[in-house]
Amino acid sequence: MDHFLYRDGALYAEDVPISEIAAAVGTPFYVYSTATLLRHFQLFDDALEGTDHLVCYAMKAASNQAILRTLAQAGAGMDVVSGGEYLRAKVAGVPGDKIVFSGVGKTADEIRAALTGGIRQFNVESEPEMEVINAVALELGVVAPITVRVNPDVDAKTHAKIATGKSENKFGIPITRASEVYAHAATLPGLEVIGIDVHIGSQLTELEPFELAYTKVAELTEQLRAEGHNIRRLDLGGGLGIPYTRANDAPPLPVEYGALIKKTLGHLGCEIEIEPGRLIAGNAGLMVSKVIYVKSGEGRDFLILDGAMNDLIRPAMYEAYHDIVAVQEPAPGVEQQPYDIVGPVCETGDTFAKQRNMPPLAPGDLVAFRSAGAYGAVMASEYNTRPLIPEVLVHGDQFAVIRERPSFDEIINRDTIPGWL
Ligand SMILES: *Cc1c(COP(=O)(O)O)cnc(C)c1O
């Protein structure tokens, strides 16, 4: 459920008409709903009720300061994957002891910044990384809390580019080597091994892969405990999918996911951490764009929008589907027609949808891409010197620009000319 609904024929974000935001900030833009963000966080928090737990929002999904602060004020921790994200979380007011540091390539500088500023734990992805964390911790005279990310070799049954839990993926250490790696970690005085981490992929639409992975984590917990390790925290990653099409897909609900966690891991008495990103932000955001031209081709009509692949890359990168709706609700019974919906970028890949049925649209009409809140704005670029599009946050009947559209001067002046020119 989200808070983007039609009222009297016009699409609203909570209590604000989308057309009013468009008039104020221009198109294209992203708009997020506070109520939807909070509702999704709460669903996860409620799903783990009765267990000692922390929901760490995977901020790579949407990392605007206003979004982070909204979630942090509701009690969320953060999962960060870079030094930049760590700083963003800190600046948004998240205490260090609620920040989990994931990612396969943490540098010594990033590790130092996190150990200095405070960190809940590092999710370690390799033995060389373990050695570096140990060295930096010793240099600073502190002990770094760690989990080791294990790769359980399960098929997440998702798009190849976002599957992370198969043995051929770059993530984590093979679960078959866990015993050896934990024994190694225990010899390093700068580290305190506190738990196990697993994350098998994104946009999972079934519980079965989670069940396979979490069952393996439960077995590993018992094995490592028997080997003398004090395993007391399990970080279970993110990955629960969202419905991108209204009609037919219905991924498991957070409450079902929470029940699975309790079933597979509840008996171990561990603190549970989860790292959802997409399910918190995805359906909490729209990208709104305007029709520039309607162009009739041979046998097909193109809807040329002012939004493009640089603003929302998911269709080009993952063959992702987004529902695209007219901001002005079509009159009942109006005949739909197929369009190829494209942006102005000079790439054939700049195609959002082919032969998508839409009500008749004309230049100047607004359309909204649903489920664009996660992996939308954060993956945008300025390809074709198209400015990063603004982000807007709605809260009830209020809205605020939470990131301005940069001017062309700002963009161009980031370049510098060498002295010889
Ligand atoms: C991307 C990622 C997540 C979030 O995945 P979602 O599918 O957005 O829930 C969580 N943990 C790690 C380590 C990740 O890389």
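1. Glu14 sits in the loop between β2 (10-13) and β3 (16-17); strands are DSSP runs of E, at least two residues, numbered from the N terminus.

2. On provenance: this is a predicted model, with pLDDT of at least 70 needed for local features and 80 or more for side-chain atom pairs, while totals for chains, interfaces and linings use all residues. Residues are numbered from 1 along each chain as its sequence is written, and side-chain values use heavy atoms, without hydrogens and water.

3. Thr385 also has a positive phi, near 50°. The residue lies in the loop between β19 (366-369) and β20 (391-395). Thr385 is partly exposed, with a relative accessible area of 43%; that class runs between the buried limit and the exposed one, over 50%. For context, most residues other than glycine have a negative phi, and most peptide bonds are trans.

4. The peptide bond from Thr27 to Pro28 is cis, with omega near -10°.

5. Now the ligand. Around it are 15 residues, of which Lys60, Ser202, Glu275, Arg278 and Tyr375 come nearest (near: a heavy atom within 4 Å). A polar side-chain atom of Tyr375 is 2.5 Å from a ligand oxygen atom. A backbone N or O atom of Arg278 is 2.7 Å from an oxygen atom of the ligand. For Asp79, a polar side-chain atom is 3.4 Å from a ligand nitrogen atom.

Definitions and conventions: Polar contact = N/O pair within 3.5 Å; in protein donor to acceptor, adjacent residues only side chain to side chain. Helix = DSSP H or I, 4+ residues; strand = E, 2+ residues; numbered from the N terminus. Buried < 20%, exposed > 50% of the residue type's maximum accessible area, 1.4 Å probe, protein only.
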